[in-house]
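Reader: I have a model open and want to learn to read it. Where do we start?

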Amino acid sequence: MMVSPQNIYEELKSKSNNEVLLELRKFRREISRLKKVLENPVIEVPTMHPSPDVQIKCIRQYINEAKRILIERGVEYTLTQAEQKSFDFDAKLSELTQIRIRFSGLFAGSKSYIITLGESSQAVSYGVGYEFTEVHCWKIEMSKAEFLSELEELYIGEWKSWYPSPILDGVQWEVKFTYANGSQRQFAGSNAYPYNFDCFTKLLTIDEEVN
């Protein structure tokens, strides 16, 4: 059972600044450990209660509570490299114009999905999917503002640029984010994925099985 963020806050309030920083490092190490469990392409994820992804969400809240205590005490907090990457990615979300996802395999052919974001904060995003000669169109039933808020919750800026696997046959994938100024950010992998990649495809309402 995970402890509530409020209980963590009360517990950390009694600790010194150095002790709070030490707890922060422990929280971050645990997130890294859980990510490795979920992202390992050659082992089955062990049964855990709560699940590793739920634990990660809870620990992120613990981290926020620890940071809040330091800020309340006037302690300057320096972002870690992973936190800075996530911050930089999220800072550009308002400029995002397109997301392109491609899946390919030796015998499965290629599938591409393009999600285009409207200029208005209330514009509904839409997608176009290409599979061989077939074209599929769909709408993402939420405003652009809601969609970007959901993207921010995925901490995509923490993703690695490349997810390798010793498995030779299977699925290769690529995700490309394009911004208003023409710049792009790309992630890719072969039979291995970020720990929350399924949440990403569900947000885009793409019916793509990821194992």
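This is a predicted model: local features need pLDDT of at least 70, side-chain atom pairs count only at pLDDT 80 or more; totals for chains, interfaces and linings use all residues.

Reader: Fold first. How many helices and strands are in the protein?

Author: The protein has six helices and seven strands. Their order along the sequence is α-α-α-α-β-β-β-β-α-β-β-β-α.

Reader: What share of the 211 residues is buried?

Author: Buried means under 20% relative accessible area. Here, 40% of the 211 residues are buried. The protein exposes about 12,200 Å². Carbon and sulfur atoms supply 52% of that area.

Reader: And what share of the contacts comes from residues 24 or more positions apart?

Author: Count the contacts with a separation of 6 or more. Residues 24 or more positions apart account for 59% of them.

Reader: Now charges. What is the general idea behind a salt bridge?

Author: Side chains of opposite charge can pair when their charged atoms come close. In this structure, a search of the whole model finds nine salt bridges.

Reader: Start with Glu23. Which residue does the side chain of Glu23 meet in a salt bridge?

Author: Lys26, with an N to O distance of 3.6 Å. Both residues sit in helix H2, residues 17-39. They are three residues apart, so about one helical turn separates them.

Reader: Which residue pairs with Lys35?

Author: Glu158, at 2.7 Å from N to O. Lys35 lies in helix H2 and Glu158 in the loop between H5 and S5, so the pair ties together parts that are 123 residues apart in sequence. Lys35 is buried, with a relative accessible area of 15%. Glu158 is buried too, at 17%.

Reader: Which residues are linked with Lys35 in a network of salt bridges?

Author: Arg60 and Glu158 are linked with Lys35 in that network.

Reader: What about Glu83? Which residue is its salt-bridge partner?

Author: Lys67, with the closest N and O atoms 3.1 Å apart. Glu83 belongs to helix H4 (residues 81-91) and Lys67 to helix H3 (residues 52-72), so this bridge ties together parts that are 16 residues apart in sequence. Glu83 and Lys67 are both buried.

Reader: Next, the tryptophan. Where does Trp159 lie?

Author: Trp159 is in the loop between H5 and strand S5 (162-163). Its relative accessibility is 2%, so Trp159 counts as buried, the cut-off being under 20%.

Reader: Which residues does Trp159 contact, leaving aside its neighbours within four places in sequence?

Author: Trp159 contacts Lys85, Leu154, Phe187, Pro194, Asn196, Phe197 and Phe200. Take Asn196 as an example. Trp159 and Asn196 are 37 residues apart in sequence. Their C-alpha atoms are 9.5 Å apart in space.

Reader: Last, the surface. Which residues form the negative surface patch?

Author: Glu146, Glu150, Glu152 and Glu153 form it. Look at Glu146, which is found in helix H5, residues 144-152. Glu146 has a relative accessible area of 46%, so it is partly exposed. A patch residue needs over 30% relative accessible area and no salt bridge.

Reader: How should I sum up the charged residues?

Author: Sort them by pairing. Lys35 and Glu158 are joined in a salt bridge, and so are Glu83 and Lys67. Glu146 belongs to the negative patch instead.

Key: Residues are numbered from 1 along each chain as its sequence is written. Side-chain values use heavy atoms; hydrogens and water are left out. Helices (H or I, at least four residues) and strands (E, at least two) are DSSP runs, numbered from the N terminus. Buried means under 20% relative accessible area, exposed over 50%, partly exposed in between (1.4 Å probe, protein chains only). Contact means heavy atoms within 4.5 Å. Accessible areas come from the Shrake-Rupley method with a 1.4 Å probe; for residues, only the protein chains shown count as cover. Patches are made of residues with over 30% relative accessible area and no salt bridge: like charges are joined within 9 Å, nonpolar side chains (Val, Leu, Ile, Met, Phe, Trp, Tyr) within 5 Å. A salt bridge is a side-chain nitrogen of Lys or Arg within 4 Å of a carboxyl oxygen of Asp or Glu. Lys and Arg count as positive and Asp and Glu as negative; His and the chain ends are not counted. The place of a charge is taken as NZ of Lys, CZ of Arg, CG of Asp or CD of Glu.
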